[in-house]
Amino acid sequence: INLICQNNTMDNIGLLECVLLRLVVACMRCARNQDITLVSKKLVPLECPECHLQGSLEYHDEPLHVQSKKAGYVDLNGFHIFDVAPSNWALHCFECSEKNFLESVVFDRTTEKHCSECHKKMSLHLQRLELIKKKRAITNDKAQEVASQKKKKKVAKIPGINPGDQLPNKGACKHYSHSHRWLRFPCCGKAFPCDECHDEESDHECKWANRMICGYCATEQKCTSVAVCVACNKTLAGSNPHNRELMSKKDNRKYAGLYKTQSRKARAKEHK
């Protein structure tokens, strides 16, 4: 999987390297998610805690500059990249080539740092890290013909946050079935369907999320009060879930208490 940085801005930065890559990977068999930290050119064996599938991951970094958007690639065996968490980056100053480090860089946010050698101001803004599958070149013509004649097996689609694809259950969860978005929490940089899902799978309290991901097209954007996707123009959350006119007829709360009688004591309290 190639790691491509789209719409990045580097001010007074000659080279940029991802020295510590944090990922959320999903098992190819049971789709169980787990966190992993990768260092360049180091093979990391991994086992799924749910189905005990054995696999491995290996990350290879590549320097980013003005003419190159590729930050490296990841070789995966038995697992699939679900999401990219805030990672550590190394910045090479454009003036003196001094190497500086930034920890837990959040996407779509401007981070500034002064060079430790010449004290020049450096600014970094990474829009997103796009995951693109590597294309393998086929040199043997006969192997290509045989492969085309074989029946293609249906492979189960592994859920993940990929722009253009739908999120699992279109962003809904067991707590909010009518919500079609995920929230990106700044405390850990990970995406969850809601704050309750975050608290169930994390060991820390969540902070107020200011970014959301569309459940229909997986486009990450800023949270707004309207809750309408900027890419597909679909409504991601109900404007007022307690409005009886907007509720479904199958919802028990639509007619709850509509014909309820009122006691004389309650009427007397209202008139006081």
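Is Lys 121 buried, partly exposed or exposed? Select Lys 121 and you'll find a partly exposed residue, with a relative accessible area of 46% (buried means under 20%, exposed over 50%, partly exposed in between, with a 1.4 Å probe and protein chains only).

Before you click on, a word about the model. It is predicted, so local features need pLDDT of at least 70 and side-chain atom pairs count only at pLDDT 80 or more, while totals for chains, interfaces and linings use all residues. Residues are numbered from 1 along each chain as its sequence is written, and side-chain values use heavy atoms, leaving out hydrogens and water.

Glu 112 and Lys 121 form a salt bridge, with their closest N and O atoms 3.3 Å apart (a salt bridge is a side-chain nitrogen of Lys or Arg within 4 Å of a carboxyl oxygen of Asp or Glu). Glu 112 is partly exposed too, at 49% relative accessibility.

Next, pick Asp 35 and Lys 190, whose side chains meet in a salt bridge (2.1 Å, N to O). This pair links distant parts of the chain, 155 residues apart: Asp 35 is in strand β4 (residues 33–38), and Lys 190 is in the loop between β14 (181–184) and β15 (191–192). Strands (E, at least two residues) and helices (H or I, at least four) are DSSP runs, numbered from the N terminus. Asp 35 counts as partly exposed at 48% relative accessibility, whereas Lys 190 counts as buried at 19%.

Go on to strand β8 (residues 79–84), where five of the six residues are buried. Show β3 (residues 13–27) as well: it pairs with β8 in the antiparallel sense over five bridges (two strands pair if DSSP finds at least two bridges between them). Val 24 sits opposite Asp 83 in β8. Asp 83 also belongs to a network of salt bridges with Asp 108, Arg 184, Arg 211 and Glu 220.

How about the cysteines? The whole structure has zero disulfides (pairs of cysteine sulfur atoms within 2.5 Å). Select Cys 51: its nearest cysteine sulfur, that of Cys 27, is 3.5 Å away. For Cys 232, the nearest is that of Cys 229, 3.6 Å away. Cys 232 is partly exposed, with a relative accessible area of 26%.

Last stop: zoom out to the whole protein chain. There are three helices and 17 strands, and 37% of its 272 residues count as buried.
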